[in-house]
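User: I am new to this structure and would like to learn how to read it. Please guide me through its main features.

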Amino acid sequence: MEITLKFYRFSPGNGSKGDFQEYPVEIDESATVLDALMQVKEDQDSTIAFRGSCRTGFCGDCTMRISRRNRMACSTTVGAAQNEGTITVEPVRLITTTKDMMYDLDTWVYDKYKAVEPWIETDQKSPDKEHVVSNKVVQDLRKVMSCTMCWLCDEGCSTMVVDRKFVGPLALTKAYRSVFDPRDNRTEARLKNLSEKNGMWDCCHCYEASEHCPKGIDPTERIFALRNKAIKANAGIPTVRNHYRSFAKSVKSHGWLDEARLAIETEGLTNIKGQLKQVPLAIKAFRKGKRPLPYFLHEKREGRDRIKRIFEKWEENE
Amino acid sequence: MAYAFFPGCVSKGGCPELYPAAKIVADKLNIELVELRDVGCSGAGVLSQEVSDPVNARTLAKVEKMGMTMMTICSTCQGTFTQANHRLQSDPEYRDRINQEYLASEGLRYDGTVDIKHFLWILDEEYGLDNLKDLVVHPLEGLKVAPFYGCYLRRPPELMVPKGFEGRKTVLEKTIETLGGEVVNTSGKGKCCGFPILSSSEDNSLAMCGDHTLEAKDKGANCMVTPCPLCHLELDGKQEDAARHKKQDIDLPILHLPQMVGLALGFSPRDMGLHKHLVSTEEIVNILEGVRA
Ligand code: SF4
Ligand code: SF4
Ligand code: FES
């Protein structure tokens, strides 16, 4: 079929902001967008710059915004991408480029990746016997290891939109791989590191990352798992730890959530500054008749003893 | 029509205007709500699954006995329950273990047959938006409404918007139109409101709240509507802080879904508890009264 490929051109240093250049292409509709780009580079204009190597969705190199959707150029057919005979190819939006479609990977991928220390550390220099890892664990880790670092999860991330310094779901998925590998013995230090500023507690668990991951890795669930582990290991940041604890305590004792107490306990009872921060909103809400009732004024729920028992049982099982 | 009704904590706590509005509206629609009292909080994705799954299995076991679909009025309750139900339904061994360890002592067991639906989905999929339209006495003419879903009503998509239910992606827009309002689309309508990171990362949270409300305002919206009371806590409750953060006035009223339905069905703004919001709802009251006069 005949298509018009609108390709984003950008050269640093020439002062321009970048613009589209059009190339007519004759290509089969079952070919991929990456094929079309290579055809243009070979036959028409060798100066266009883009990435792509494996051509099978394996290397994560060819992430682009194709006809206004973020996807892999090698896994998207021309037929599916074209819109009335036109395909636009431009960079995804949250990452900066060094030329055309060449991303600044150091800043956006590798630095964040390195920050989570993506390796395994053990005390033993040379193990005296094989370290057997169960099949179940290996299966889980293999899933995570299939991450191609395509950046689609970071690109779709809600937090990244408002804060590019956020470490992001890609790096956190890599962190999961180290934290949950039973051979690694730096769990606590890792969880502490991940709890630093711009770390895993900035994730708003919106499931965008999971929706965007082409490998079905479910980065959001991986982040949940990391955070739950941190809560258990007492490694999270204080307000969050208090928040989780208070939430659990409230549901455990009354069957449901006591929001007034949650707000107070989250800041920490001895954190005067944090407590004062709550006051203006509380006063305003109170005036509007909105202040949540403290738990002892809530109607007593019949099942709360039963729910308490579930919590106790869970704590026993821990 | 009758449903086992799970009101959630927030509709009686942080957003006490939501519970009565939902009850009044359901009553008007002849939807009978059998409220679940003897049950626990869904865990809202905050509690570890290890304890929230048993608590939620207990709730579902009770609903199963009633032989009804369970209705929620909160995107977060809905998401948490759908996910828990999926784990319990797809893994009989896991379900058995929870039944034995946690529910048997109370003479309960869950067999995995319960369906759970948000009020928004029920309106479209079971009640029918055409039937709703027949009851509209005060169309929301002149009201420009920005829909805001809340993450958990849309994601993960395989669970929340499965095959055959694709209409769920646009049901809020369709509901606004059914009631006579004009839809104002924003890029953030399916994104996170910012509430979950309020305690860990306040600046980012306020930036999200500010971005969503300002975009809606820039596009001409008079208000925003959400099926999630946690989004309401952020978009209404934290809007003033977000305005300070963004150094711009916002003043965008945020409606709960049942309030918007109720207004079109003829209930007064007071009946619907609009005066309890932190952001003044005066502007929309004036618009609606202008039309009604
Ligand atoms: S779940 Fe967390 S990391 Fe993933 S997209 Fe949402 S905010 Fe970003
Ligand atoms: S987790 Fe998925 S979306 Fe994110 S970089 Fe890896 S493969 Fe891509
Ligand atoms: S070229 Fe390797 S993933 Fe597309």
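**Overall form of chain B**

Analyst: With 293 residues, a compact globule would have a radius of gyration near 19 Å, and chain B agrees because its value is 19 Å; the radius is taken over C-alpha atoms, and the globule rule is 2.2 Å times the number of residues to the power 0.38. The model is predicted: local features need pLDDT of at least 70, side-chain atom pairs count only at pLDDT 80 or more, and totals for chains, interfaces and linings use all residues, while side-chain values use heavy atoms, without hydrogens and water. Residues are numbered from 1 along each chain as its sequence is written, with chains lettered from A and ligands numbered from 1 in the order in which they are written.

User: How much of the 293 residues in chain B do buried residues make up?

Analyst: Buried means under 20% relative accessible area (1.4 Å probe, protein chains only). In chain B, 65% of the 293 residues are buried.

User: Which strands pair with S7(B)?

Analyst: Two strands pair if DSSP finds at least two bridges between them; strands are DSSP runs (E, at least two residues), numbered from the N terminus. Strand S5 (residues 144-147) of chain B is joined to S7(B) by three bridges and runs parallel to it. Strand S8 (residues 254-256) of chain B also pairs with S7(B) in the parallel sense, over three bridges. Within these pairings, Val225(B) stands opposite Pro147(B), and Thr226(B) faces His256(B) from the opposite position in S8(B).

User: Which way do the residues of strand S7 (residues 223-226) point?

Analyst: Cys223(B) and Val225(B) point one way, Met224(B) and Thr226(B) the other, and all are buried.

Key:
Buried means under 20% relative accessible area, exposed over 50%, partly exposed in between (1.4 Å probe, protein chains only). Helices (H or I, at least four residues) and strands (E, at least two) are DSSP runs, numbered from the N terminus.
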